[in-house]
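This report describes one protein model from its coordinates. The sequence and structure come first, followed by the text.

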Amino acid sequence: MNILNNRNKRTSIFKAVALCLIAAMSFTLVSCDDDMDIQQSYPFTVEVMPVPNKVVKGQTVEIRCELKKEGDFSGTLYTIRYFQFEGEGSLKMDNGITFLPNDRYLLENEKFRLYYTAEGEEAHNFIVVVEDNFGNSFELEFDFNNRNVKDDGLTIVPIGNFSPLLK
């Protein structure tokens, strides 16, 4: 009788363990999903090298820009547009495209140059907006004042005491 009780106990323990394993497997299979979550939209910024703050009529200012992305998805497209709200001028891309205000243009490279040419005597203010096809955008604002004749003088600011290098 004792042998039968031990067999019954082992059989019931085996059945309980098997039932737990089957339940765990069914929960695992139910929670699986065939759709993979792939992040497509990443935040980005546009870094700009320093530019002069004064410009005269007919002068062209080079604006060096670099797109800095936090991630990369192969299907991401970037566009660029601008809007000038003060002054008269034209903005061109390094590939020769002259921008029309608020028209979008495809940004082909992460490093690019813009060329702003002043066509008026007044101050020049405009914004450049870079957007991706997922709704993220980054806005740059540029303010150029008109250069006066008084400002053309050279100002020397001493930084410290220097002594010549000995050979």
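Which residues does Phe112 touch, not counting residues up to four places away in sequence? Phe112 touches Val46, Ile63, Arg64, Cys65, Ile80, Met93, Asp94 and Leu107, where contact means heavy atoms within 4.5 Å. This is a predicted model, in which local features need pLDDT of at least 70 and side-chain atom pairs count only at pLDDT 80 or more, while totals for chains, interfaces and linings use all residues. Residues are numbered from 1 along each chain as its sequence is written, and side-chain values use heavy atoms, with hydrogens and water left out.

**Phe112**

Phe112 is part of strand β7, residues 111-118. Helices (H or I, at least four residues) and strands (E, at least two) are DSSP runs, numbered from the N terminus. Phe112 counts as buried because its relative accessibility is 3%; buried means under 20% relative accessible area, exposed over 50%, and partly exposed in between (1.4 Å probe, protein chains only). Leu67 is 45 residues from Phe112 along the chain, and their C-alpha atoms are separated by 8.4 Å.

**The chain as a whole**

The protein chain has one helix and nine strands, in the order α-β-β-β-β-β-β-β-β-β along the sequence. Of its 167 residues, 23% count as buried. Among contacts in the protein chain with a separation of 6 or more, 65% are between residues 24 or more positions apart. The protein chain exposes about 12700 Å², of which carbon and sulfur atoms supply 55%; accessible areas come from the Shrake-Rupley method with a 1.4 Å probe, and for residues only the protein chains shown count as cover.

Strand β8 covers residues 124-132, and nine of its nine residues are buried. His124, Phe126, Val128, Val130 and Asp132 point one way from β8, whereas Asn125, Ile127, Val129 and Glu131 point the other way. Two strands pair if DSSP finds at least two bridges between them. The pairings of β8 are listed below.

| Partner of β8 | Residues | Sense | Bridges | A residue pair |
|---|---|---|---|---|
| β4 | 78-86 | antiparallel | eight | Thr79 with Glu131 |
| β9 | 137-146 | antiparallel | eight | Asn125 opposite Asp143 |

The hairpin of β8 and β9 has four residues between the strands, and Gly135 there takes a positive phi near 95 degrees.

**Aromatic pairs**

Rings of Phe, Tyr and Trp (its six-membered ring) pair if their centres lie within 6.5 Å; planes under 30 degrees apart count as stacked, over 60 as edge-to-face and the rest as tilted. By this rule there are eight aromatic pairs. One of them joins Tyr82 and Phe99: the ring centres are 6.3 Å apart and the planes are at 40 degrees, so the pair is tilted. Tyr82 lies in strand β4 and Phe99 in the loop between β5 (89-93) and β6 (105-107), so this pair ties together parts that are 17 residues apart in sequence. Both Tyr82 and Phe99 are buried. Ring pairs link Tyr82, Phe99, Tyr105, Tyr116, Phe126, Phe142 and Phe144 into a cluster.

**Surface of the helix**

Ile13 is located in helix α1, residues 2-31. Ile13 is exposed, because its relative accessible area is 55%. Ile13, Val17 and Leu21 form a nonpolar surface patch with about 300 Å² of accessible area together. Patches are made of residues with over 30% relative accessible area and no salt bridge; like charges are joined within 9 Å, and nonpolar side chains (Val, Leu, Ile, Met, Phe, Trp, Tyr) within 5 Å. A salt bridge is a side-chain nitrogen of Lys or Arg within 4 Å of a carboxyl oxygen of Asp or Glu.
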